[in-house]
Amino acid sequence: MSCLQTIQDYGLRSIGIGERLLPRNDFTLCEQFTLIGSGMIWNIYFGIMALVTGFFLATALAMGKASTNKWLRKPAEWFIFLFRGSPLFIQFFFAYFFFLSLKQSYPYLDALTSAWLGALIVLFFNTAAYSGEIFYGALRSIPKGDIEAADAYGMTGWARFRRIVWPTMLRLAWPAYTNEAIFLFHATTLVFFSAFPVWQQRGDALYYAGYFADKTFNPFIPYPILAFYFILLTLVVIWSFGRVNKHLNRHLPAEKRSKMKLKLNLAR
């Protein structure tokens, strides 16, 4: 079988398109690259969807935590503490069995036990908590002069938030938020590894890398391939968020624009 035929057969297998059965023996390098790359579709899906939806909840959490109203501040503080204080692996584990118990009582909630929705909800809450703390710190760092200038122009309420507070918060938080986005994509490998089951062997990149490692008893080929794909994905995230960072700082002189400083997260 040619490599092109392998790509046609297995390139979209992780989402149910292509060959139904996985190769059993005589694995080629092309098969490993293709299937692990196919699994990356799930990792990219989880990462993008959690980031997009979590961004708005994170903004609300940051505003709530910065509020003087305790009925807004306390729920935001406890939400952030809960999801930042517990390991993501444990969150997946408890969420799956919680959703399973809901499914038994309410069968129409069956989708919650599927990774595409249930795991996404966990990642959504988790990244919202971490991002909310980042945005809260940025809110606390907004120069008072910016707020005073907005007051002097007669801006209050929504107009001041939309034109002054929110853009400044994003500009200050964006480098740290980029690190959170990178870690989130890496954390998607825990979805099928922790609790959510793989249906018909349609898993993510780590699932297929583990499959090849178990079958060949040689982890030194599939796992470097997995790392290669995530390095490429990380470079795409850095480039994309760097473009946004440049746009957020476009009004500043070149020497005052914040630089993207990425740090390796050894532990969450």
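This report looks at one helix pair and the nonpolar cores of a predicted model.

Let's start with the pair. The axes of α7 and α10 come within 10 Å of each other, crossing at roughly 165°. Angles over 145 degrees count as roughly antiparallel, so that is what α7 is relative to α10. The crossing of α7 past α10 is right-handed.

Who does the touching? On the α7 side the contact includes L170, W174, Y177, I182 and F185, along with R171 and H186. From α10 come, among them, F230, L233, V237, F241 and L248, plus T234 and N245. By type, the residues of this contact split into 14 nonpolar, four polar and one charged.

Now for the cores. The largest nonpolar core holds 59 residues, and I36, F46, F92, L123, F135, V191 and F196 have the most contacts inside it. α7 turns up again here as the top contributor, giving 13 residues. Several helices each supply at least two residues of this core, including those in the table.

| Helix | Residues | Supplied to the core |
|---|---|---|
| α2 | 29–66 | at least two residues |
| α4 | 88–105 | at least two residues |
| α5 | 115–140 | at least two residues |
| α8 | 191–194 | at least two residues |
| α9 | 205–216 | at least two residues |

What does I36 touch, leaving aside residues up to four places away in sequence? Its partners are A205, Y208, A209, F212, P222, I225, L226 and Y229.

Methods:
Residues numbered from 1 in each chain as written. Predicted model: local features only at pLDDT ≥ 70, side-chain atom pairs only at ≥ 80, totals over all residues. Heavy atoms only, no water. Axes fitted to C-alpha atoms, helices over the stretch in contact; angles between N-to-C directions. Helix = DSSP H or I, 4+ residues; strand = E, 2+ residues; numbered from the N terminus. Parallel < 35°, antiparallel > 145°, perpendicular 65-115°, else oblique. Left-handed = near helix turned anticlockwise from the far one by under 90°. Contact = heavy atoms within 4.5 Å. Nonpolar A, V, L, I, M, F, W, Y, C, P; charged D, E, K, R; others polar. Core = buried A, V, L, I, M, F, W, Y, C linked by side-chain atoms within 4.5 Å. Buried < 20%, exposed > 50% of the residue type's maximum accessible area, 1.4 Å probe, protein only.
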